[in-house]
Amino acid sequence: MHELFTQVITKKDLSKAGDLFSLDDKEIEEDLSEVLDNIRLIAESADYTISDNDQSVVEICITRVTTAVRETESVERHASALVRLLEVCLDHNLTPTTKDEDTPHAKIASDIMSCVFLHYSKRPVMERTLPTVVRFLACENKELSRNVSSYLSLAAIDNADLLAKHIHLILSSILLGNPSLTRVLPQIFTQNKDPILQHLSELVTILSTCDIAEQVSLFELFALVTKFKPKLMEPYVEKLCEFLSHTLLTPLVLIVLVDIAIANPASMESHLPLLKQTVEQQPTTLTQVAQIIGAVGNLSESHAKESLEYLVGQLASTEHAIQPIVLQEIRALCLTNHSLLAEHIAEINKLGQNCASSVRILVEQLKDDNQKYSGEKEMRSVSSQTEGNVTIITVGNPPNNSYVSGTSGVKSSNVPSGSLRSSEQSLARSGKVSNSARTSGASTPNFKSQAERSSSPTSEKGSMTGSVSNNTTILTPLPVIEANSQRDTIQLFCEKHLSKIKSYINTVSARIPLPAKCCVVNGRHKRYVKLNFLCVKQGDQCLYSQIYFSMDTKNPKTWIHLMFLAIQSRASTALSTQDPAVSSLRACWDALRMERTSSNFLTLVTSAFPSQKDQDLLIQELHSVRYFDVFEFNAPEKVWACFMCNHPDKVSSLLQDGFPVIAGQLKEKKGRWKFLKRWKTRYFTLSGAHITYSKSDSRKETLPVAKIQSVKAVRKGIRDIPRAFEIFTADQTYIFKAKDRKNAEQWVQCLHIAVARTQKQEKQRTQSVKVGRPRVGISDTKL
């Protein structure tokens, strides 16, 4: 063990503790496990909880050890020693004695877990750590228990199977009042189903006491349960229906109810009035409600009649994008109840006059079905039209058909992907209840063989590949397709990869902050992208709650791709180009792309996720603008926040009347010519909104903080802790050097606070702040 550690730990000499931070990380890496074991011996001693000196020694040494572990990336080597120290904490009191003061062992546990879970993606570390960490869920320290819940949510991303072994402890913690842990249940359900299924009733019961994020997690779990065994969720249908009035939860509730209805339509019969009321309040829910009503209609002819009357009645008033879904449900019902179609065909036929071609094709199919059921059989040719991502093959020539009978044409339209799912489910149901429709003259679509599909005509814009399911051909466009089809393609891509997108963003967001806003700016010679970051926590003393930390990027493609993935990861369902955030992001890319030969937006967002190399370029870019001088990742809360919000305890000593105050000697580099510049020592004072300093002739000079555009620490490398820093104004750059690194850090922090406070006050006085040459943003988007 290094002699400095020996002196500090063995002799408990605090006078040498500060020197530990002057040691090179690599120099002490070999000793870290031994140091941790010696810290453990101190923490185990009987008088540790009453000895302030011992606690200070342990706190400083743990800080130094965890820093070295992080910088040398040696957590796997020292994981066992870190966990042994955690285990000691479990044997001592963790319950806080006062509201805001943790016990000494709770502080140790927090520091160790914060270090270990920075590496949650490393399986060997999690294998060693998780069995100990989950035991902290049973402690009476609510703050520590919440932090553990956040850490376990991170671990579940890549190690769901390891966490599933401890499902009983997790469920017990949730049911005893820690609902934030519900976030891990959807991820570990497939790994260990039985314990969750045994407590299904209790989990449904706590829904009302959870916040919105926790309710979302529970409904995601219930959706998985319903896919596995729909019958298990049937007893709770009435309870689930109570949440239909919550706009954010309604789509998740309906996902569960649709699967229950398909498995057992009778279980949903008594809830149809509430579902119809939901459609009145939220018209877009008709997509899923129509599937439930269609399922109930298969119970009997009387049920089918009621369902048809409702569905046909909705056609005229519903959105055009939803009409194909409703028509698919109507057709599915009529395949098993032939006589009912004639009553409604006149009303249905009205849609064929002024609607999209996708609707006209379905209307023609229903008219053909009606003629078949009426015995009016005619020989008709077969035509095929492609609508968006759904190829509907119909018997007969639709109106305004521009293709020669018997040929296949491809064109673009707006058929929502939801209609594809609805079609598959509807026809699957009708196939179960009756095969007689096929033998009594009902028209059955004829699909092309694989060879025919591979040789079929392609559009001028690009080739397509497809796979057949029921009466639809799902087309996956290869890079270039018609613009109007992008909505469905993006939505299908997101549906297929939703879990991967969420997992990827959860991992990447711990390394790279995601912009709150981006915009394309008209530069002097070309357009470029400006990124704007905010502090997520936005506390009382926040630096960036109302103003942005802005930077120009040389990697717009990667940033915009990441922003799209982030938007999707925060949504509970797959997004399409119609989503406002996605549309704005697309507008940004298209505006930038006008001057470049870049790929289109569809190709960008459906390409492979940004690689490690791509991510490293973004991190280097953030380092170059000194982003990490101001912001850091808060691991327990999984957010990027300014140092004011992350360390409010350090801020109070720097502020006076809301503004930072600091004074002392600094060396200033001055000189007319760069190669003749030399350091001059002067006494500087930052107080209020001004920096003052004394000159050799006793005169005082003043620099208003309002003139400062930015402050940057001068570093030799990314990890270098600087002594020097620069202040930039519109027409001058000042270079200063402090007496040591700690003093430099204090000056930089105080200057950042002063600049942010001044800009905040200026923004309150005027709604727009223009610095330098005016620039025009032509398109922007927010996350």
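Visitor: How many bridges join S6 to S7?

Guide: In this predicted model, S6 covers residues 517-522 and S7 covers residues 527-533. The two strands form a hairpin with 4 residues between them, and Val 521 stands opposite Tyr 528 of S7. S6 and S7 run antiparallel, and the number of bridges joining them is 6.

Visitor: How many of the residues of strand S6 are buried?

Guide: A residue is buried when its relative accessible area is under 20%. Strand S6 is largely enclosed by the rest of the structure, because the buried residues among its 6 number 5.

Visitor: Which geometry describes the aromatic pair of Phe 533 and Trp 559?

Guide: A pair of aromatic rings is described by the distance of the centres and the angle of the planes. For Phe 533 and Trp 559 the centres are 6.0 Å apart and the planes stand at 70°. Planes over 60 degrees apart fall in one class, so the pair of Phe 533 and Trp 559 is edge-to-face.

Visitor: How many residues apart in sequence are the parts that the pair of Phe 533 and Trp 559 ties together?

Guide: Phe 533 is buried at a relative accessible area of 1%, and Trp 559 is buried at 0%. Phe 533 belongs to strand S7, whereas Trp 559 belongs to helix H27 (residues 556-570). The pair therefore ties together parts whose separation in sequence is 26 residues.

Visitor: Which residues form one aromatic cluster with Phe 533 and Trp 559?

Guide: The structure holds 16 aromatic pairs. Phe 533 and Trp 559 belong to one aromatic cluster, together with Phe 549, Tyr 627, Phe 631, Phe 633 and Trp 640.

Visitor: Over the rings of which residues does the charged end of Lys 193 sit?

Guide: A charge counts as sitting over a ring when, among other conditions, it is within 6 Å of the ring centre. The charged end of Lys 193 is 5.8 Å from the centre of one ring, that of Phe 189. It is also 5.2 Å from the centre of another ring, that of Phe 228.

Visitor: Which residue in S16 is the bridge partner of His 690?

Guide: Strand S15 pairs with strand S16 (residues 700-704) in the antiparallel sense, over 5 bridges. In S16, the bridge partner of His 690 is Pro 704.

Visitor: At what angle do helix H7 and helix H8 pack?

Guide: Helix H7 spans residues 123-133 and helix H8 residues 142-158. Arg 123, Met 126, Leu 130 and Val 133 of H7 meet Val 148, Leu 152, Ala 155 and Asp 158 of H8. The crossing of H7 and H8 is left-handed. Their axes are 11 Å apart, and the packing angle is about 145°.

Visitor: What is the phi of Glu 73?

Guide: Glu 73 is placed in the loop between H4 and helix H5 (75-90). Its relative accessible area is 58%, so Glu 73 is exposed. Glu 73 is a residue other than glycine with a positive phi, near 50°.

Visitor: What is the phi of Lys 638?

Guide: Lys 638 is found in the loop between strand S9 (631-634) and strand S10 (639-642). At 30% relative accessibility, Lys 638 counts as partly exposed. Its phi is positive in a residue other than glycine, near 55°.

Visitor: How far apart in space are Asn 38 and Leu 85, C-alpha to C-alpha?

Guide: Asn 38 lies in helix H3 (residues 32-44) and is partly exposed at 21% relative accessibility. Not counting residues up to four places away in sequence, Asn 38 touches Met 1 and Ile 9. Asn 38 and Leu 85 are 47 residues apart in sequence, and their C-alpha atoms are separated in space by 9.6 Å.

Terms used: Residues numbered from 1 in each chain as written. Predicted model: local features only at pLDDT ≥ 70, side-chain atom pairs only at ≥ 80, totals over all residues. Heavy atoms only, no water. Phe/Tyr/Trp six-rings, centres within 6.5 Å; stacked < 30°, edge-to-face > 60°. Buried < 20%, exposed > 50% of the residue type's maximum accessible area, 1.4 Å probe, protein only. Lys NZ or Arg CZ within 6 Å of the ring centre and 35° of its normal. Pairing = 2+ DSSP bridges. Axes fitted to C-alpha atoms, helices over the stretch in contact; angles between N-to-C directions. Left-handed = near helix turned anticlockwise from the far one by under 90°. Contact = heavy atoms within 4.5 Å.
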